[in-house]
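Have the model open as you read.

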Amino acid sequence: MGIRIVIADDQAMVRAGLRMVVESDPGMEVVGEAADGREAVVVARRTRPDIVLMDISMPRLDGLAAARELLDTPSPPKVITLTTFDTDENLYAALRAGTSGFLLKVSPPEQLLEAIRVVYSGDALLDPAVTSRVIATFAGRAEPVPSPALAELTPRELEVLRLLARGLTNAEIARDLYVGEATVKTHVARVLMKLSLRDRAQAVVFAYETGVVRPGAA
């Protein structure tokens, strides 16, 4: 069975275009569409996709609010937010809402397909260097608040969290720590579990907002 996807966008032409791109890959399947945020939540809960492609600007319920509502359920799908505006505010808001990726609608088809694969695998953020830079900028506006949950991490897990927050992939973290990629994946999984985080995107936000990584330190 391929990657199951729901497309949520208020423009029918955009939905049709996204469907054509997604279904050009034999390993992907569109299982539902939605024209607004409220419908996106309903369709996703009914079809239980792996990934929702979610437009940020939609009527009734915007994409970020829909993503927050959808992600606040047991075993939620991963969400990739789509937008026509390449702004730091949109990117930070999307990641803060708990989404796993951020993509411009003008991105080439192959980039969309790769984004879906990357988010589905959970191995890396999209454009990690840009993501960490933006998060650092916005997290720096408020004083970090340490979390008691950090005490649950071992020194090596804390080190992995710092590197992850800098936008490094598993392969890059492995090279930095002189360990195997499988070991890094195990450390990342434990970090997410101990901190009750959904994915790497949330881990990056958490690291900056709790002061594990300081703006400009990356």
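Which residues are exposed on the other side of α9? They are Ala182 and Met193, where exposed means over 50% relative accessible area, buried under 20% and partly exposed in between (1.4 Å probe, protein chains only). Before going further, please note that this is a predicted model, in which local features need pLDDT of at least 70, side-chain atom pairs count only at pLDDT 80 or more, and totals for chains, interfaces and linings use all residues. Residues are numbered from 1 along each chain as its sequence is written, and side-chain values use heavy atoms, leaving out hydrogens and water.

Now look at the buried residues of α9: Val184, His187, Val188, Val191 and Leu192. Viewed down the helix axis, they fall within an arc of 135° (taken from the directions from the axis to the C-beta atoms), so they line one face of α9. These buried residues pack against α7 (155–165), α8 and α10 (200–209), with contact meaning heavy atoms within 4.5 Å. Helices here are DSSP runs (H or I, at least four residues), numbered from the N terminus.

One of those neighbours deserves a visit. The axes of α8 (residues 170–177) and α9 (residues 181–194) come within 8 Å and cross at roughly 110°; axes are lines fitted to C-alpha atoms over the stretch in contact, and angles run from 0 to 180 degrees between N-to-C directions. That makes α8 roughly perpendicular to α9, a term for angles of 65 to 115 degrees. From α8 come Asn170, Ala171, Ile173 and Ala174, which meet Glu181, Val184, Lys185 and Val188 of α9.

Finally, α9 is followed by Ser196, whose phi is positive, near 55°.

Technical notes. Helix = DSSP H or I, 4+ residues; strand = E, 2+ residues; numbered from the N terminus. Parallel < 35°, antiparallel > 145°, perpendicular 65-115°, else oblique.
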